[in-house]
Amino acid sequence: MKTADIVRRAGRSLRHAKIRTILTSLAIGVGAFTLTFSLAAGEGARKYADTLISSNVDANSLAVSKDADFFNGGQGGGVKEYDPNQGNFQGTTLQRLSQEDIVKLGKIKDVKEVTPLYDITPTYITRDGQKKYSLTASQYDPTIRVELAAGQLPKNKAQLADDDVLLPDVYLSPLGFKDASEAVGKTIVIRVDRRGGVDAAEVQQIVATQGVAGLQQLAAGQGKDFVLRIAAVSKKSAAAFQSSTAVSISGTKAQEMANFSTKDTPDYQKYALATVQAKDGSDPAAVKAAIEKEGYTAKTAKDLQDILFTIVNVLQGIVAGFGVLALIASVFGIINTQYISVLERTQQIGLMKALGMRKRDVSRLFRYEAAWIGFLGGLIGAGLAWGIGTLANPKISEALGIGSENHLLIFQFAPIAALIASLMLVAIVAGMLPARKAAKLDPVEALRTE
Amino acid sequence: MIEVKNISKTYGKKKTEFQALKDISFTIADGASVAIIGKSGSGKSTLMHAMSGLDRPQTGQILVDGINILELKQKQVDKFRSDQIGFIFQSFFVQANESCFDNVSLPLEIAGISRSKRKKMVQAALEEVELSEKIKSRARDLSGGQKQRLAIARAIVSEPKILFADEPTGNLDSVTGAKIEELLFGYNRQKGVTLIIVTHDHELAAKCDVRIFVKDGVVDSIEGTTVKGAKK
């Protein structure tokens, strides 16, 4: 019997049992729906991660740390022997880079520039006639794309002028500005206090003898006001890593502030992390290898992307797992349906065999029916997922705040087609048992009427 | 020519053993109309199944044009049935929810005949049984007589050499039954097809060239000409 004829007959017998076919297909459809979503969400999340990285991280820049633990959250840590080079970074004790390390890194082949991550801990931000506000500050990274509300940033990935800042728009109204354009060109004050110099016993003594006023006096003497000009005001961007409340300051000022606040402490000129800029046209992976040969740990932009992708893949795997569970359940549905179908059609099978239909063809007929069910289920599930996903995409983007141009669910034809094909395969496997029963049927037995 | 030589068939094992056919032998000439007559349980259906390759007797030979079908592999037996045999059953076994066309087309599909050829052959077969105008109707919408005519169309569509009819008129009233008989014998005479009717109806059997009476698994007697033109 010709394959096309079997496929047609299989489709026809399903049409004769419409409700049963659709119900069985729906079971597979649930699996297909979930799997399609996991495919779409995985693709979307990867695309989004890609957008994030390409708009935030320069492909030529590497993050370098002295301690391998830096990149795995201190997992390899435990309690370590004291070392003045150690420092706490986000709750982990890590080996830090010293000034010598920075110089050493700068001499590695194809390294254009080494910028340490300065430990900037400003006390407050203010401006004439305004209250004091807490802030976080970070060194301006020219490679990060920023959406501006007003003002201008240096062109060609140049660093900010020494006394310039890039101010996020959240500071505008607290600092008494009407809007972004009013703020540009105005000055603000960032206060940095020295950490070292006075220990707890001294503070207690001052409080005891001179009261709070004495402490204030001490603090005032230990602090420094940095007067800076607002060069530009940034807007919150959907594709930005940077915390929206971090004030960006120039590299020079960052160094100055860090050095000022850590002077006379073990933290002075110690850096948990440095950014190494590879020369244009060089291979970041080769630079990474060279850096790691010197005993440092480095991560390229691509490594960072891989980490994000790993997270995405795990999440996608979890969703896909539920889909597979649904599929396994539906496999039993198919087996059951096809078994009943074989029993119901005993006479038909007997007749076909009496007319000379081969065992193999009878078996194929039932397997193809199962394949049709798989195809239908896949189509229903994937179609629904596609439709609902496309409709829900703008809402999801809005709810997650990832920007209307980024979609969390990206449906692609090829993987979905592959999914449907594999569902058909699963259905065929499920249909194997009933198909075998049909093929083994004795026509004499099947056609006995008395 | 069909030669049945010493076939025996036993069902069951040991205590439940039942010998359905006991050492049966006879010969049927090409183009003959033959009635196998017997009461229910006499073994006449088993005999028909054996002759058509549906069932395999444990001993003996069934030679169809010199080939022992009991020695053929399953695949070859299937092909033999598909190519050379047509079946008509007492309860028709037409597929109720399929169209007349699809019902008649089934044996052709099984034989692997191309779609374009099938169309012509199905039309011709339906014409033969005067059901041309029902080609698109579903089989469930037909009357009993029409269903049996449809079954005949399905049996003759692949132009078999041997037609087996198992109580073809058993479920029909005498008028429609007569029409079916007419069709079967007409086809037998026109095309020279061997017609083997299994029945307990003596009136129908009387219309056949040969009557083989089966009783308790043995051939009781044979009437008429076993080899065409020669009395036995």
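How many residues does the contact take from chain A, and how many from chain B? The contact takes 18 residues from chain A and 21 from chain B, where two residues count as in contact if their C-beta atoms, placed from the backbone, lie within 7 Å. Before we walk further, a word on how to read what follows. This is a predicted model, in which local features need pLDDT of at least 70 and side-chain atom pairs count only at pLDDT 80 or more, while totals for chains, interfaces and linings use all residues. Residues are numbered from 1 along each chain as its sequence is written, and chains are lettered from A and ligands numbered from 1 in the order in which they are written.

Let us stay with the contact for a moment. On the side of chain A that touches chain B, helix H9 (346-354) and helix H12 (443-447) of chain A each supply at least two residues; helices (H or I, at least four residues) and strands (E, at least two) are DSSP runs, numbered from the N terminus. H9(A) gives the largest share of that side, five residues. By type, the side of chain A that touches chain B divides into nine nonpolar, five polar and four charged residues. Here Ala, Val, Leu, Ile, Met, Phe, Trp, Tyr, Cys and Pro count as nonpolar, Asp, Glu, Lys and Arg as charged, and the others, Gly among them, as polar.

How far can you trust chain A? Its pLDDT, the predictor's confidence in each residue from 0 to 100, averages 85, and 91% of the residues score at least 70. Within chain A, confidence is highest in helix H11 (residues 413-440), at 95, and lowest in strand E2 (residues 86-89), at a mean of 67. Where pLDDT is low, the predicted coordinates should not be read in detail.

Now turn to chain B, which has seven helices and ten strands. Its C-alpha trace spans about 50 × 40 × 40 Å along the principal axes. With 232 residues, a compact globule would have a radius of gyration near 17 Å, and the 18 Å of chain B agrees with that; the radius is taken over C-alpha atoms, and the globule rule is 2.2 Å times the number of residues to the power 0.38. Of the 232 residues of chain B, 47% count as buried. A residue is buried if 20 or more other C-beta atoms lie within 10 Å of its own, exposed if 12 or fewer, and partly exposed in between, with C-beta atoms placed from the backbone. Among contacts in chain B between residues at least 6 apart in sequence, 70% join residues at least 24 apart.

Two strands pair if DSSP finds at least two bridges between them. Strand E1 (residues 2-11) of chain B is joined to E2(B) by seven bridges. Along this pair, B:Ile2 stands opposite B:Ile28, and B:Lys9 stands opposite B:Leu21. E1(B) and E2(B) form a hairpin with six residues between them, and B:Gly12 in the turn has a positive phi of about 75°.

Next comes the interior. A nonpolar core is a set of buried Ala, Val, Leu, Ile, Met, Phe, Trp, Tyr and Cys residues joined through C-beta atoms within 7 Å. In the largest one, of 119 residues, A:Ala427, B:Val34, B:Ile36 and B:Ala153 touch the most other members. Apart from it lies another core, of 48 residues, among them A:Ala63, A:Val64, A:Phe70 and A:Met257.

A:Ile120, in the loop between strand E5 (111-116) and strand E6 (122-126) of chain A, is buried, with 24 other C-beta atoms within 10 Å. Leaving aside neighbours within four places in sequence, the contacts of A:Ile120 include A:Ala137 and A:Met257. In chain B, B:Ala165 sits in strand E7 and is buried, with 28 other C-beta atoms within 10 Å. B:Glu167 has a positive phi of about 45° although it is not a glycine; B:Glu167 is in the loop between strand E7 (162-166) and helix H6 (174-191) of chain B.
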